Amino acid sequence: YGFEDGTFVIHNISISNHDVPKQLRIRLSTISGYLTIVNIPDGVTFLVSNGTVSSEIYFEASTLILNAALEELQFIPLMDANILNSDGRVSIIIEASDDVEPTPSSASAVRAEIFLVVLPVNDSPQI
């Protein structure tokens, strides 16, 4: 839970890969606001965005490095994001792939969704 005019902080998203250690591609996306990776370690290669204040972040790194990058993620909801769904829920989609495909939509891709509840604030009237 958090307020529409605030910043949500999400800790310790973790990705594992039991194959031979290699690069993974990760896509973080939302239609309800903006995402920021708080600490970007060396070894991250961004394919879309630079990891800050974006509705989509697509990057690749080794499992160890990408988990370091996902230790703290910020979500800033759009203005009045709480009205996008009747229950105030918004989502962040995480897609991961160890394929060399240009997107994580291949057969080896996995997808998860994080739901957050955005609570309304009493906005001042505007003239």
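**Entry 1: ground rules**

I am working with a predicted model, in which local features need pLDDT of at least 70, side-chain atom pairs count only at pLDDT 80 or more, and totals for chains, interfaces and linings use all residues. Residues are numbered from 1 along each chain as its sequence is written, and side-chain values use heavy atoms, with hydrogens and water left out.

**Entry 2: the overall fold**

I started with the secondary structure and found 1 helix and 9 strands. For my labels, helices (H or I, at least four residues) and strands (E, at least two) are DSSP runs, numbered from the N terminus. Going along the sequence, I read the pattern β-β-β-β-β-β-α-β-β-β.

Next I looked up burial: 40% of the 127 residues count as buried. Here buried means under 20% relative accessible area, exposed over 50%, and partly exposed in between (1.4 Å probe, protein chains only). The protein exposes about 7400 Å², and carbon and sulfur atoms supply 54% of that area. Accessible areas come from the Shrake-Rupley method with a 1.4 Å probe; for residues, only the protein chains shown count as cover.

I also checked how far apart in sequence the contacts reach (contact means heavy atoms within 4.5 Å). Among contacts with a separation of 6 or more, 68% join residues 24 or more positions apart.

**Entry 3: the sheet**

Which order do the strands of the open sheet take? I traced 6 strands as β1-β9-β8-β3-β6-β5, with mixed pairing. The edges are β1 (2-3) and β5, each with a single partner strand, so one side of each has no neighbour in the sheet. Two strands pair if DSSP finds at least two bridges between them.

I then stayed with β3 (23-29). This strand pairs with β6 in the antiparallel sense over 7 bridges, and β3 also pairs with β8, again antiparallel, over 5 bridges. L24 has A61 as its bridge partner in β6. On the β8 side, R25 is partnered with S97, and R27 stands opposite E95. As for cover, 6 of the 7 residues of β3 are buried.

**Entry 4: the core**

I turned to the largest nonpolar core, which has 25 residues. A nonpolar core is a set of buried Ala, Val, Leu, Ile, Met, Phe, Trp, Tyr and Cys residues joined through side-chain atoms within 4.5 Å. Which members touch the most other members? They are I15, I26, L28, F59, L66 and F75. At least two core residues come from each of β2 (8-11), β3, β4 (33-37), β6, α1 (63-69), β7 (72-77), β8 (89-97) and β9 (110-119). The most come from β8, with 4 residues.

Leaving out residues up to four places away in sequence, L28 touches L35, I37, S55, E56, I57, F59, L70, L73, I93 and I94.

**Entry 5: salt bridges**

How many salt bridges does the structure hold? I get 4, taking a salt bridge as a side-chain nitrogen of Lys or Arg within 4 Å of a carboxyl oxygen of Asp or Glu.

One of them joins R25 and E60, with the closest N and O atoms 2.8 Å apart. The pair links distant parts of the chain, R25 in strand β3 and E60 in strand β6, 35 residues apart. R25 is buried, at a relative accessible area of 17%, and E60 counts as buried at 17% too.

Another joins R27 and E56 (2.5 Å, N to O). R27 lies in strand β3 and E56 in strand β6, so this pair ties together parts 29 residues apart in sequence. R27 is buried at 14% relative accessibility, whereas E56 is partly exposed at 26%.

I also logged D87 with R89 (3.1 Å, N to O). D87 is partly exposed at 44% relative accessibility, and R89 is partly exposed at 35%.

**Entry 6: a surface patch**

Last, I looked at the surface, where Y34, V53 and L78 form a nonpolar patch with about 250 Å² of accessible area together. Patches are made of residues with over 30% relative accessible area and no salt bridge: like charges are joined within 9 Å, nonpolar side chains (Val, Leu, Ile, Met, Phe, Trp, Tyr) within 5 Å.

Where does V53 lie? I placed V53 in the loop between β5 (45-48) and β6 (56-62). V53 counts as exposed because its relative accessibility is 55%.
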